[in-house]
Amino acid sequence: MPAPLTLPVISISPYLPTQHDQYSDLDRARVAQDLHRACRDIGFFYLKVNDYVTETERQRILDSGREFFLHSTEEEKATIGLAHGDGARGYQKLKQNITMGKADHHEGLDLYADSPYAKGEELDAHGKLKPLGGKNQWPNRPAGFQEEMQKWIEKMKVLGLIVMKAMADGLGMTESEWQELQGMVEDSFWVTRVIGYPPLPEGAQGVSCGAHKDYGCLTLLHTDDTSKALQVFLRPTPVAGQPSAKEDVGVWIDADPIDGCFVVNVGEMWEVWTNGLYRSTLHRVIHRSPKFRVSLPFFFEPAFDAEVRPLHAAKRKIEQEGWIVENQGTVERTGVRYGDFLISKVVGNFVDTDKPDLA
């Protein structure tokens, strides 16, 4: 197949505020063009961030997640279960998360930006919390988990906006067009997950996390050093002037961790913004090594109330480069209110594990 069987590595250093003066506008233009090609051709890439996130920070956040999963009792975890909140924030036990109707072999802790509803409007007509209307549920163990995670989230929010700016440059957006896009994402309704993957049982038919696309703008994924777990569905490299490959044409490749890099992929809102030029890519996790794997995806998303529609810059780019794009995705590209789209996805993500297993 004509596509490379690996993901490109792109350094974001020229766009980092702390290193901006060490690079030229030409350096930034090269980064922007590399991001454009990666998002157009693959939808995934490795993002090298150098000292923006230190090795100490990386290891500490993974250790915190590992300690939570492996050293908290089931009773302690249950006190912050989904049933105690709005149904989306909190802890999910093994096989409670479902993807495409199948139970996933992992446990997780989901955290979101603050409730999108005005104070006093978090409850529905029946007195129950609206979807995403609650507060995050934080574990007591390990000590300092909440403070550690909040610092990490703030860093990821800044990094997400930096990558968005570089992508806007790659699309050839004017300054006013970027300001409009920035206004849709700077109050990001972010999501972060702390995920624990025990090895799949021998002969298991299910997967650790089923094949799926991500919903929003960008996923910034930090994991431990476990290899042969995350897999990306690599499609044939598109050719200008020819229709893009169908969704089911391609091969699965491993996206193993690289020191100093995040694995980054574009979400479905970029499909809408670019009218299909950037397509969100299927990925899954099949974890069979004996090690307990810890993963921390941070989802940099639009504002909850953002009205996401095709960008003029993307239409110009499609015409300039001679692309033929087809609506093969799951999102209508005429436009969508992000909060409505997110809720439509979240409400079907979990299952009552006291009922028969879905796997």
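Buried means under 20% relative accessible area, exposed means over 50%, and partly exposed lies in between, for a 1.4 Å probe and protein chains only. Gly 87 is partly exposed because its relative accessible area is 35%.

This is a predicted model, in which local features need pLDDT of at least 70 and side-chain atom pairs count only at pLDDT 80 or more, while totals for chains, interfaces and linings use all residues. Residues are numbered from 1 along each chain as its sequence is written, and side-chain values use heavy atoms, with hydrogens and water left out.

**Gly 87 and its surroundings**

Helices (H or I, at least four residues) and strands (E, at least two) are DSSP runs, numbered from the N terminus. Gly 87 sits in the loop between helix H3 (74-78) and strand S3 (90-92). Its C-alpha atom is 7.9 Å from that of Val 347, although 260 residues separate Gly 87 and Val 347 along the chain.

**Nonpolar cores**

A nonpolar core is a set of buried Ala, Val, Leu, Ile, Met, Phe, Trp, Tyr and Cys residues joined through side-chain atoms within 4.5 Å. The largest such core has 83 residues. Those touching the most other members are Ile 12, Met 149, Leu 159, Met 164, Leu 218, Trp 270 and Trp 273. Helix H4 (residues 145-170) gives the most to this core, 12 residues. A second, separate core has 17 residues, among them Ile 42, Ile 195, Cys 261 and Val 263. In soluble globular proteins, nonpolar side chains tend to be buried together.

Axes are lines fitted to C-alpha atoms, for helices over the stretch in contact, and angles run from 0 to 180 degrees between N-to-C directions. Angles under 35 degrees count as roughly parallel, over 145 as roughly antiparallel, 65 to 115 as roughly perpendicular, and the rest as oblique. A crossing is left-handed if the near helix is turned anticlockwise from the far one by less than a right angle, and right-handed if clockwise.

Helix H2 (residues 55-71) packs on H4 at an angle of about 135°, with axes 11 Å apart. H2 and H4 are therefore oblique to each other. Their crossing is left-handed. Contact means heavy atoms within 4.5 Å. H2 contributes Glu 57, Arg 58, Arg 60, Ile 61, Ser 64, Gly 65 and Phe 68 to the contact, and H4 contributes Phe 145, Glu 148, Met 149, Trp 152 and Lys 155.

Helix H5 (residues 175-185) crosses H4 at roughly 150°, and the axes come within 10 Å. H4 and H5 are therefore roughly antiparallel to each other. H4 passes H5 in a right-handed crossing. On the H4 side, the contact uses Leu 161, Met 164, Lys 165 and Ala 168; on the H5 side, Glu 175, Trp 178, Leu 181, Gln 182 and Val 185.

**Backbone features in loops**

Arg 141 and Pro 142 are joined by a cis peptide bond, with omega about 0°. Pro 142 lies in the loop between strand S6 (107-112) and H4.

Two residues other than glycine have positive phi values.

| Residue | Phi |
|---|---|
| Asn 50 | near 50° |
| Leu 132 | near 70° |

Asn 50 is in the loop between strand S2 (44-48) and H2. With a relative accessible area of 31%, Asn 50 is partly exposed. Leu 132 is in the loop between S6 and H4. Leu 132 counts as buried, at 1% relative accessibility.
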